[in-house]
Amino acid sequence: MFEILDRKQLSDGIFFSRITDGRFKTNRISITFYTDFSNGTRSDYAIIPYILTDSCRKYPNLTRLTEKYSDLYGASLSDNLGCEFDSRSMTFSISFIDDRYTLYGEKLEQECCGLLLDCILDPKLENGAFEPAQVDIMRQELIDAIMSVKGDKRLFAAQQGGKAAYMGEPCGLPVNGTVEEAKAVTAQSAYAAYLNMLEHAHIEIFAAGCSDFAQSEALMSERLGGLKRGEIVAPAAKPSPLKEDVFRTGDKIKMQQAILRMYFKAPQINDRFASVLLTQILGGMTTSRFFTNIREKQSLCYYCASASSRFKKTLTVYAGVDPANIAKTERAVMSEFMNISMMGVTGEELEHAKLDAIESVRGVYDSAAAISMWYSTQITDPEFITPEQFIENIQQVTADRVMKVCRMYCLDTVYTLTPEEAK
């Protein structure tokens with residue numbers, strides 16, 4: 001049995017999507033809460049996943065919760081916090097084997113779905129808020145996570161570059177907040193953020209695997225449908241505005257090499273599929289222009305790659321370089337953009353890019369998590385497209401379309417992370 005996507009609205013601002021594929025032997029259920037960002041409260045929301053995945057009223061500590069996972073044939077609960085559609089996205093998911101593979105006919109789907117909802121909707125409380133002792137522990141974990149970013153140079157450069165490129169936009173600031181904000185989190189402030197999330201979040205549920213998920217749908221409808229709901233957040237994809245002049249900034253820290261990040265924007269672009277192939281040709285595959293010309297032929301960098309965001313309509317170039325080669329690498333990147341804008345791409349480049357993109361999309365069916373993510377990124381689109389429809393559109397892209405898309409991108413922001421001793 002295979003069903004591409006069955007999507008329905010359970011309640012105000014709550015949607016349930018089912019993807020059934022008999023090839024899987026496991027199931028995955030995820031619940032994502034989309035909320036607005038507000039100044040000074042990022043850490044109040046960021047601590048919520050730490051708390052909700054650590055315990056609940058029924059299983060009041062991690063030991064008891066872990067024992068329950070073992071009873072459920074090794075089921076696992078995970079969380080993810082990010083920024084999507086200019087909204088905060090907080091996802092909780094549980095993965096488990098299908099009922100058909102239990103030893104004694106246990107109803108794992110019903111139990112696992114119930115456990116996921118218990119963790120989210122029935123947390124351990126003390127005096128009308130989260131337990132202070134638990135918040136103290138999780139606050140330190142959050143602070144450690146915020147501070148650890150600086151230890152990963154690429155991640156730190158991406159964070160700082162994002163602040164500069166998306167200045168004034170919700171996605172421009174770290175979703176975890178700052179150390180100062182995290183230190184100010186209390187049991188009461190975190191619980192207030194949690195209640196606000198339940199009342200105002202746009203909620204997306206994705207159930208993927210070999211089950212028909214009828215039990216999960218009924219349980220979700222019953223328990224989430226009983227939430228007190230107010231004005232619902234409306235996630236929306238918003239292109240990042242292009243700055244009047246190229247903005248240049250950077251940081252210096254203790255490191256050996258330097259990192260260059262260049263942000264190109266095209267707010268008016270509307271050819272999604274040509275943009276994908278342009279990104280591949282420039283720096284998204286092993287035969288890309290950046291790898292071949294800038295790294296291999298000119299030996300200007302240790303790596304040079306690109307990634308694009310169809311929602312922000314940006315194309316980001318990132319490279320690890322010797323500090324002395326920063327300017328040369330930037331000029332080389334601009335030269336590749338100019339070359340494609342004026343001369344276009346070759347048929348061989350286009351074919352390689354198509355094959356690479358198609359192979360990547362086919363991998364969507366490899367896991368329940370991947371197929372869920374495929375459709376969850378389309379919730380603001382006019383209509384959902386399948387991986388097969390995406391492939392059809394990719395195959396129709398011409399070299400002329402790639403050239404036209406390249407001409408629309410303009411350099412917006414340049415960020416450099418350099419060694420402290422570099423001048």
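1. In this predicted model, the axes of helix α10 (residues 272–284) and α16 come within 9 Å and cross at roughly 85°. Because angles from 65 to 115 degrees count as roughly perpendicular, α10 and α16 are therefore described as roughly perpendicular to each other.

2. The residues that make this contact are, on the α10 side, Phe273, Ala274, Ser275, Leu277, Leu278 and Ile281, and, on the α16 side, Arg401, Val402, Val405 and Cys406. Sorted by class, the contact of α10 with α16 has 8 nonpolar residues, together with 1 polar and 1 charged.

3. Helix α16 (residues 399–408) also packs with helix α12 (residues 326–343), at an angle of about 130° and with the two axes 8 Å apart. The crossing in which α12 passes α16 is left-handed.

4. To this second contact α12 brings Phe337, Ile340, Ser341, Met342 and Met343, while α16 brings Met403, Cys406 and Arg407. By class, the contact of α12 with α16 has 6 nonpolar residues, 1 polar and 1 charged. A reader tracing α16 may wish to look at Cys406, which is listed in the contact with α10 and is listed again in the contact with α12.

5. How do helix α3 and helix α4 cross? The axes of α3 (residues 62–71) and α4 (residues 108–121) come within 11 Å and cross at roughly 165°, and α3 and α4 are therefore roughly antiparallel to each other. As α3 passes α4, the crossing is left-handed.

6. Here the contact is made by Leu65, Lys68 and Tyr69 of α3 and by Glu111, Leu115 and Cys119 of α4. In terms of class, the contact of α3 with α4 has 4 nonpolar and 2 charged residues, and no polar ones.

Conventions:
Residues numbered from 1 in each chain as written. Predicted model: local features only at pLDDT ≥ 70, side-chain atom pairs only at ≥ 80, totals over all residues. Heavy atoms only, no water. Axes fitted to C-alpha atoms, helices over the stretch in contact; angles between N-to-C directions. Helix = DSSP H or I, 4+ residues; strand = E, 2+ residues; numbered from the N terminus. Left-handed = near helix turned anticlockwise from the far one by under 90°. Contact = heavy atoms within 4.5 Å. Nonpolar A, V, L, I, M, F, W, Y, C, P; charged D, E, K, R; others polar. Parallel < 35°, antiparallel > 145°, perpendicular 65-115°, else oblique.
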